[in-house]
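Please look through the sequence and the model below before reading the notes that follow. They take up one topic at a time.

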Amino acid sequence: MRRTSGRRTALRSLAGVLAVTLVLSVAACGDDSPGDQGGAAQAGPNGVDDGSELTLWTRAPLEKQAKLLVEAYNAGHKNKVKLTVVPNDDYVAKVGAAAGSDSLPDLFAADIVYVPNWVNQGLFQDLSSNIDGLSFKDSVNKGHLAAGTQDGRKHVLPFVLDLSMLFWNKQLFKDAGLDPEKAPASMVEYAAAAKAVQAMKKDGVYGTAAGLNCGGCLVFTWFPSIWAAGNEVLSEDGRESKLADDTAKKVYDIWADLWRSGAVLPASSGETGPTWTAAFTEGKVGLMLYPATLLSSTPFDAGVAGIPGPDGGASTFVGGDGIGVSKDSKKATQAWNFLSWMMSEEAQVEVLAKNKDVVSRSDLAKNKYATADPRLVTINEVAGKGDTPVAMNFQQAFNAPNSPWLTLVRNQVLNASGDTQKDNSEITAVLKQ
Amino acid sequence: MNVDAPSRTSSATTRGGFRPSRRQALLGWIYATPTAVFVVALFLVPLLLVIKMSLSRWPLLSGDQGPNAPDNFTKAIDHRFFTDSVVFTIKYTVIATVLLLLLGLGMALLVQESSRWNNLLRASFLVPSALGLASASLLFYVLYSPYASPFAPVMESLGITFLGSPNAALFSTVFLIVWRYAGFYMVLMLVGLQSIPADVFEAARSDGATRWQTFRSITLPLLRPTLALTTVLCVTGSLLAFEQFYILTKGGPDNSTITVVQLIYMIAFQGQNDLGVAAALSVIVLAALVLINALQLRAFRSEEN
């Protein structure tokens, strides 16, 4: 009997220890109380600057711009923003995990193509009254605002606009006997220029380059060619892919021909994204479809133009990141203070434009810094002709490393195989999920 | 807490075997508690959570939305990369296991005798094992990169792309794994070899056995327990391959190098964002591993008997 009761006591003790451990581990997961939903609305036009510490997450490609904005804000405000830069590939996982455990930062930026989904999932607070209260709201980039608008409620502002543009190396153009001041007016001319640079057979120099194993890079740089020809890539509701249309096929054919001719940097076939622009930045590529955010860090004289369609026209992918106040933030009024400052002329012109970045407000497009560099005016002008595709399952259909879009492009350009219609149907099937 | 007087414990041992006193039993429980807590908190709770997730609709961004069994399992098996990833993982496991065991054994035989030169070789074989797999993968990512590699000009002139085609990507990754782990398996083999009594070899030598005969009839049979252990470790590790492919190939080119664990990660965090389906696939992998390990251990036991 005694032995039995002793065993029971020991078992009870063990159970007690386990119970305490479990309770502690659950408690350690954090405070589950809901965030201050819609709190930003009470902030007034400028929000609150009371010395709070705010957390902000962004992804690595926009690190330079995010740092500049945060440093300038911290220098002039009592609130302090703490920036966390997350590797591009891990960003969705990190945000997802944080959202699931109610531990998102106060502010977080999102690749604009993910914004519709994340708004739909309720990750951002409603900022409608704040945004509507901005005196310049009609000049804020419409593509970014639209991506964050659901049922008439606005959730995000443009953080950094990143436009895809046609960049060319003027020195290499000159060496190849091309006019260094004249942009190729169509993708056909683009291909001819790339082949001309290639024909010089300079050691380590290639005509062009692309991220041919990077769905996001291909979306960013090839969709504009289709838009420039007046076509669409998606149906209006974002549930159907139109990437087997004649214009799209012309784009694939031009690139397939370029690839076969050897004018494309060979590393492009395996390029998953991290170094897709590096060869151009180092002056080893004649011309390339390239992000405008890299203008200031391109160390040689580069020409800039809109991305042409197969036979002409110009367009751009209005990418970059939108930013909003997270559902978990309890400092929404302070977070709005950062956002309203970010949209001010001071931040847009004296921080972004001064560093050769694109402004998010059309009324500031011809600012003093932009007019001093005609390339910035070109970029700002093309921004108005650009587009931002909106689809709930954009990541899975296009950006994921194993997306059906990547399969389509690789089949058409590298493998000279595959059925465009069938591959396009795969994309549609994912978009409809 | 009442603890009986120590004098009562002396009669605890009976002819039928050891029977612990209450005090010993209690002490036993106390000693076992920390481990039990860790097992429960770090293994049992996550395991139960994964099983619950696998039976529920559980999007990454919005959490548990109620039971939906067995939908997640059906979706996991119907996934467009399920069969390819299973076939690829098995292919990779076979290649990696054969190469690692052969090389590990070969290296162990090479440096079996202790000498200054052999000690140096043992240390150099083991050095790569000190590097984390993710770090090693990043190192090889740069070495293989046609853009950033210091060997890029040579690669370009010879037309070599390490990660550019399905076979190249597979064997480049296998090379990394062999580089990283062969030394580790060499140490295990070395321990096995050194546990074989020297007089057995001497007897063989005095009987006039050749080196090959000694290896085949003495070394290999006596090394079987070690071979079984290394096979279990190698097969399990290879079936769970993730970091090396995630960093080097991201499943490409043309979706040719997706392992099962990578597929779980893709479903959970890259695109589908569906933790329920990912958990279902995890449960399937767990069941397969338990089965494979049980079969291997059974074979191990019968070899011992």
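This is a predicted model: local features need pLDDT of at least 70, side-chain atom pairs count only at pLDDT 80 or more; totals for chains, interfaces and linings use all residues.

Helices and strands are DSSP runs, where a helix (H or I) has at least four residues and a strand (E) at least two, and they are numbered from the N terminus.

**Helix α9 of chain A**
- Helix α9 covers residues 215-228 of chain A, and at 1.5 Å a residue its 14 residues should span 20 Å, which agrees with the 20 Å between its end C-alpha atoms.
- At A:Trp222 the helix α9(A) bends by about 25 degrees, and the proline A:Pro224 follows within four residues.
- Because 13 of its 14 residues are buried, α9(A) is largely enclosed by the rest of the structure.

**A loop residue, A:Thr298**
- A:Thr298 sits in the loop between β7 (287-291) and β8 (302-305) of chain A, and with a relative accessible area of 9% it counts as buried, the cut-off being under 20%.
- Apart from neighbours within four places in sequence, A:Thr298 is in contact with A:Phe167, A:Phe280, A:Thr281 and A:Tyr290.

**Annotated spans of chain B**
- According to an unreviewed UniProt entry, residues 86-296 of chain B carry the annotation "domain: ABC transmembrane type-1"; this span is 75% helix and 0% strand, and its end C-alpha atoms lie 19 Å apart.
- The unreviewed UniProt entry also gives the annotation "transmembrane region" to spans including residues 90-111 and 275-295 of chain B.
- Residues 90-111 of chain B are 95% helix, with end C-alpha atoms 31 Å apart, while residues 275-295 of chain B are 100% helix, with end C-alpha atoms 30 Å apart.

How values were computed:
Residues are numbered from 1 along each chain as its sequence is written. Chains are lettered from A and ligands numbered from 1 in the order in which they are written. Side-chain values use heavy atoms; hydrogens and water are left out. The expected span of a helix is 1.5 Å times one less than its number of residues. The bend at a residue is the angle between axes fitted to the seven residues ending there and the seven starting there. Buried means under 20% relative accessible area, exposed over 50%, partly exposed in between (1.4 Å probe, protein chains only). Contact means heavy atoms within 4.5 Å. UniProt positions are given in the numbering used here, feature names are shortened, and annotations may be inferred rather than shown by experiment.
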